[in-house]
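Hi,

Here is the structure I said I'd pass along.

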Amino acid sequence: MIKILPSILAADLLHMGDDIRRMLDAGADGLHVDIMDAHFVPNLSFAPAMVKAIKGRFPAAYQDVHLMMDNPEAYIDTFIAAGADAVTVHAEIGGDAAKLLRDIRMKGARAGISIKPCTPAEEVFDLLPLCDLVLVMTVEPGFGGQKFMAEMMPKIVALRQAGFTGQIMVDGGVNESTAAQCVAAGADALVMGTALLKAVDPAAVVRACRALEEKA
Ligand code: DX5
Ligand code: ZN
């Protein structure tokens with residue numbers, strides 16, 4: 001079953017609760033929460049307080065937290081305590097990614113590793129047994145609304161060929177048309193910011209993306 005995760009980075013910040021309600025009503029499987037530190041990426045976004053606030057208002061909403069930050073080890077506990085169901089760290093941060101992934105699982109969340117466009121899939125092969133999900137970036141992390149990089153699709157194929165049976169999530173420029181390539185390559189989770197939050201009929205976008213599974 002394909003999971004559709006709207007990225008709240010594309011929400012109207014002054015109507016966050018309404019936008020989240022609209023996304024959940026449209027049939028989304030949860031929320032993708034982008035955390036940026038102005039260091040690992042050249043932008044700032046949300047803090048653990050946002051995850052906590054969402055948890056308070058929408059306790060049943062699955063929160064997929066994407067940490068685009070250096071030193072994520074200092075914040076993993078805080079995000080999980082705030083309500084993160086999955087926590088994804090970047091392979092490019094250096095340091096002991098295996099330890100981080102183990103920690104995330106030990107603390108009761110699903111563990112993910114993400115790769116930027118410049119990072120080959122092979123770099124994370126050793127980590128796959130520790131991962132519940134792999135997040136393949138199809139834009140340079142940092143901003144919503146960028147153009148989808150189709151040349152990342154072979155990474156998804158390579159991850160499946162390496163035997164990874166967990167979730168493969170695609171993030172960046174995913175819309176109704178680019179989603180088809182992701183699903184055909186073997187992805188089963190789609191992060192959609194602009195394409196869902198700015199859609200006139202988000203439920204129709206969710207339905208169209210789910211229907212891709214039958215074609216794959
Ligand atoms: C980019 C973020 C994405 C972003 C996607 O760094 O990780 O999750 O919100 O936005 P769209 O779907 O608009 O490309
Ligand atoms: Zn993201």
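Predicted model: local features only at pLDDT ≥ 70, side-chain atom pairs only at ≥ 80, totals over all residues.

First, the ligand site. Ligand 1 sits in the largest pocket, and 20 residues surround it. The closest of them are Ser7, Asp34, Gly142, Asp171 and Thr194. By type, that shell splits into ten polar residues, eight nonpolar ones and two charged ones.

Which strands supply at least two residues each of the shell around ligand 1? They are S2 (31-36), S3 (63-68) and S8 (189-192). S2 gives the most, with three residues.

Now the polar contacts. The side chain of Ser7 has an N or O atom 2.8 Å from an oxygen atom of ligand 1. The backbone takes part as well: a polar backbone atom of Gly173 is 2.8 Å from a ligand oxygen, and a backbone N or O atom of Gly193 also lies 2.8 Å from an oxygen atom of ligand 1. As for cover, ligand 1 taken alone exposes 390 Å², and the protein buries 99% of that.

One more residue to look at is Gln161, in helix H5 (residues 153-161). Is Gln161 buried or exposed? Its relative accessibility is 68%, so Gln161 counts as exposed, the cut-off being over 50%. Gln161 and Gly186 are 25 residues apart along the chain, and their C-alpha atoms are separated by 9.8 Å.

Cheers

Technical notes
Residues numbered from 1 in each chain as written. Chains lettered and ligands numbered in written order. Heavy atoms only, no water. Near = heavy atom within 4 Å. Polar contact = N/O pair within 3.5 Å; in protein donor to acceptor, adjacent residues only side chain to side chain. Areas by Shrake-Rupley, 256 points an atom, 1.4 Å probe, with all protein chains shown as cover. 1 Å grid on protein atoms, 1.4 Å probe; cavity = no way out; pocket = protein on both sides within 12 Å on 5 of 7 lines; lining within 4 Å. Sits in = over half its atoms within 2 Å of the grid points. Helix = DSSP H or I, 4+ residues; strand = E, 2+ residues; numbered from the N terminus. Nonpolar A, V, L, I, M, F, W, Y, C, P; charged D, E, K, R; others polar. Buried < 20%, exposed > 50% of the residue type's maximum accessible area, 1.4 Å probe, protein only.
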